[in-house]
Amino acid sequence: MTKDGTLRHPSYLGLREDKRPEAVVIESEHHAADLPAPAKSNVAISNRDRVVYPESNITKGQLADYYAAVSPIMLQWVGSRPISLVRCPQGRAKKCFFQKHDAGAFGDAVHHVGIVERDGHEEPYLYVDDADGLMTCVQMGTIEFHGWGARIEDVEKADRLIFDLDPDEGLAFEAVRHAAFQFRDILKSIGLETFPMLTGGKGVHVIAPLTPKAEWPQVKDFAHRLAEAVAQSDPEHFTAALSKARRKGRIFVDYLRNQRGATAVMPYSARSRAGAPVAAPITWREMKTIDKPSHFRVGDAGELSKRAASKALAGWGRADQALPDLQQP
Ligand code: ATP
Ligand code: MN
């Protein structure tokens, strides 16, 4: 393509059946060593003084400043995948709601990707691909960003596996830490490299990036069987059962994050919990000593950006790997 956008000697090679029209954009060159370009947004934030976190007096303006600062490192994860929003227009202590679809109020910067529902009709899901999209959501009262484990290019193919480790109430973080390492080792032994993320809530997500190949039924089956196998081999510490009674004193391995339509909190998303914690990627080395899943907060945008550019976290969440073939036990 020439500088003024003319195709030179184009030839028709075929239709890209694997891509959705929404995902076809003019590509620009990226270099692996590049720091994320500062993403600038022109979205005006209203009611900057409205208190979103009453316990710590954090305002909508401060939350918006957080998101503006982390947008370059966050868009790599939240960008170009179907998202759901936790919106709390009156702050986290008032009514919040989980939003999957657009009622038409978000404007041009928040895009739609059509996804076929179980009953066969198509629903428009939300996605963003730049700082304006992200900041529009914040302007609309969004605190949390949750995302599918698939990109808009092909929502049927997973680009990550997540083992969501949820400790029963009263269980110390030490137990979650230990469980995370167990999952790391098990997944490593079957050829999957993983990365830990503090959720900002009670637990940890152990994430195995996938090159999008396997479709949801296969991915869910894999996650289910692995979670069951771990729970069966160590029933004192784990359960993969949904029933509350079975979770008593254990860690619930929520493998259902690995099914079509399920979402998980996105890296660097703020949480609508007291103290304004955020979901944060960490290294396995840090996992040994980190104090709690709500270690990082909305006030830490600068530190989080610096960390993301550090050597230790540069490759976080990236691995070119496929779902292994687990033999039926
Ligand atoms: P923790 O470490 O505390 O478990 P977490 O991020 O793993 O944090 P939650 O915040 O308890 O877990 O759950 C978030 C997920 O639950 C979302 O990604 C979404 O899939 C689902 N979810 C939460 N609220 C709703 C809702 N109102 N409707 C549908 N799904 C929801
Ligand atoms: Mn969880």
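Modeller: Start with a polar contact, a pair of N or O atoms within 3.5 Å; within protein, one must be able to donate a hydrogen and the other to accept it, and residues adjacent in sequence count only if both atoms are side-chain atoms. Here an N or O atom in the side chain of D166 is 2.8 Å from an oxygen atom of ligand 1. T199 also takes part, with a polar side-chain atom 2.5 Å from an oxygen atom of ligand 1. For the side chain of R257, the distance from an N or O atom to an oxygen atom of ligand 1 is 3.3 Å.

Colleague: What should I know about the model and its numbering?

Modeller: This is a predicted model, in which local features need pLDDT of at least 70 and side-chain atom pairs count only at pLDDT 80 or more, while totals for chains, interfaces and linings use all residues. Residues are numbered from 1 along each chain as its sequence is written, chains are lettered from A and ligands numbered from 1 in the order in which they are written, and side-chain values use heavy atoms, without hydrogens and water.

Colleague: Which residues come nearest to ligand 1?

Modeller: A residue is near a molecule if one of its heavy atoms lies within 4 Å of it. There are 15 residues around ligand 1, and H146, T199, K202, G203 and R271 come nearest. The shell divides into three nonpolar, six polar and six charged residues. In this count Ala, Val, Leu, Ile, Met, Phe, Trp, Tyr, Cys and Pro are nonpolar, Asp, Glu, Lys and Arg are charged, and the others, Gly among them, are polar.

Colleague: Are D164 and D166 buried or partly exposed?

Modeller: Buried means under 20% relative accessible area, exposed over 50%, and partly exposed in between (1.4 Å probe, protein chains only). D164 has a relative accessible area of 1% and is buried. D166, at 27%, is partly exposed.

Colleague: How many salt bridges does a search of the whole structure find?

Modeller: A salt bridge is a side-chain nitrogen of Lys or Arg within 4 Å of a carboxyl oxygen of Asp or Glu. The search finds 14 of them. In one, R257 pairs with D164, and the closest N and O atoms are 2.9 Å apart. This pair links distant parts of the chain, 93 residues apart: R257 is in the loop between strand 12 (251-254) and strand 13, and D164 is in strand 8. Helices (H or I, at least four residues) and strands (E, at least two) are DSSP runs, numbered from the N terminus. R257 is partly exposed at 21% relative accessibility.

Colleague: Where do D221 and R225 lie?

Modeller: Both are in helix 4 (residues 216-233), four residues apart, about one turn of the helix. D221 is partly exposed at 36% relative accessibility, and R225 is partly exposed at 23%. Elsewhere, salt bridges that share partners join D164, D254 and R257 into one network.
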